[in-house]
Amino acid sequence: MPTYQLGQVDFLTLENRIYPTVRGNEMVYIKDGEGTQPAVILYEDRLNEVAVVNPRHASYNFIPVDNSITVVEPQTQNKVSVCDAMILTDGLQDVYFIELKDVRKQWVTKAVSQLESTIRIFNGSHVDVAFKHRLAYASNRRHPFPASYREKEEQFRCSLGFKLVVSGRINIL
């Protein structure tokens with residue numbers, strides 16, 4: 001598991017791509033890691049995990065972030081809170097950050113905070129990569145169709161340059 005100082009994180013390195021490329025026609029589900037385990041992909045639906053919907057059949061890399069890529073503050077060496085995973089489509093065309101939750105109440109604020117932290121780190125390290133789509137997903141398998149968060153989504157887009165989607169499904173555009 002690589003450890004990085006804040007400001008020196010390379011999310012795009014092949015070292016972090018521990019899963020084989022997901023082919024465009026494969027249906028996968030994302031399951032949050034338990035305890036200190038990273039998020040994983042499953043090729044069959046178990047307990048209604050978060051589905052990755054891929055209508056254009058793009059091939060992509062699933063990269064666990066939390067409990068897989070460790071980011072620490074330089075002065076304190078404290079671990080920085082990051083999201084669960086990211087998806088990179090082939091050719092670095094699109095990037096998706098994903099935070100998975102499995103709670104009934106007050107989950108969106110914490111999920112958005114983890115996404116913001118991760119994307120700030122990402123933006124600081126990868127300003128030169130021009131992605132066509134930049135999305136951040138706050139997903140909760142207990143709430144696949146949550147209430148509207150339009151104001152929070154707009155603030156997120158303006159401050160980070162990523163579209164925030166609060167949904168129980170990850171849609172590859």
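Q: Which residues does aspartate 90 touch, not counting residues up to four places away in sequence?
A: In this predicted model, aspartate 90 lies in the loop between E7 and E8. Leaving aside residues up to four places away in sequence, the residues that aspartate 90 touches are Thr21, Ser59, Tyr60 and Asn61.

Q: Is aspartate 90 buried, partly exposed or exposed?
A: Buried means a relative accessible area under 20% and exposed means over 50%, with partly exposed in between. The relative accessible area of aspartate 90 is 41%, so this residue counts as partly exposed.

Q: How many Å separate the C-alpha atoms of aspartate 90 and threonine 109?
A: Aspartate 90 sits in the loop between E7 and E8, and threonine 109 is 19 residues away from aspartate 90 along the chain.

Q: How far apart are the end C-alpha atoms of helix H1, and what span should its 18 residues have?
A: Helix H1 covers residues 108–125, and at 1.5 Å a residue its 18 residues should span 26 Å. The value computed from the model agrees with this expectation, because the end C-alpha atoms of H1 are also separated by 26 Å.

Q: Which strands and which helix do the buried residues of H1 pack against?
A: The buried residues of H1 include Val108, Ala111, Leu115, Ile119 and Phe122. The buried residues of this helix pack against strands E6 (70–72), E7 (85–89), E8 (94–101), E9 (133–140) and E10 (163–166), and against helix H2 (150–160).

Q: Is H1 roughly parallel or roughly antiparallel to H2?
A: The two helices pack with their axes 11 Å apart and at an angle of about 15°. Angles under 35 degrees count as roughly parallel, so H1 and H2 are roughly parallel.

Q: Which residues of H2 make the contact with H1?
A: H1 passes H2 in a right-handed crossing. On the H1 side the contact is made by Val108, Thr109, Val112, Leu115, Glu116, Ile119, Arg120 and Asn123, and on the H2 side by Lys152, Phe156 and Leu160.

Q: Is the pair of phenylalanine 122 and phenylalanine 162 stacked, tilted or edge-to-face?
A: The structure holds 7 aromatic pairs. In the pair of phenylalanine 122 and phenylalanine 162, the ring centres are 6.4 Å apart and the planes stand at 85°, so the geometry is edge-to-face.

Q: Where in the structure are phenylalanine 122 and phenylalanine 162?
A: Both residues are buried, since phenylalanine 122 has a relative accessibility of 0% and phenylalanine 162 has a relative accessible area of 0%. They also belong to one aromatic cluster with Phe11, Phe97 and Phe131. Their pair links distant parts of the chain, 40 residues apart, with phenylalanine 122 in helix H1 and phenylalanine 162 in the loop between H2 and E10.

Q: Is histidine 126 buried or exposed?
A: Histidine 126 is placed in the loop between H1 and E9, where it touches Val9, Asp10, Phe11 and Leu12, not counting residues up to four places away in sequence. With a relative accessible area of 6%, histidine 126 is buried.

Q: Which residues does serine 139 touch, not counting residues up to four places away in sequence?
A: Serine 139 is part of strand E9 and, at 0% relative accessibility, counts as buried. Beyond residues up to four places away in sequence, serine 139 touches Val50, Glu99, Leu100, Lys101, Trp107, Ser167 and Ile170.

Notes
Residues numbered from 1 in each chain as written. Predicted model: local features only at pLDDT ≥ 70, side-chain atom pairs only at ≥ 80, totals over all residues. Heavy atoms only, no water. Helix = DSSP H or I, 4+ residues; strand = E, 2+ residues; numbered from the N terminus. Expected span 1.5 Å × (residues − 1). Buried < 20%, exposed > 50% of the residue type's maximum accessible area, 1.4 Å probe, protein only. Contact = heavy atoms within 4.5 Å. Phe/Tyr/Trp six-rings, centres within 6.5 Å; stacked < 30°, edge-to-face > 60°. Axes fitted to C-alpha atoms, helices over the stretch in contact; angles between N-to-C directions. Parallel < 35°, antiparallel > 145°, perpendicular 65-115°, else oblique. Left-handed = near helix turned anticlockwise from the far one by under 90°.
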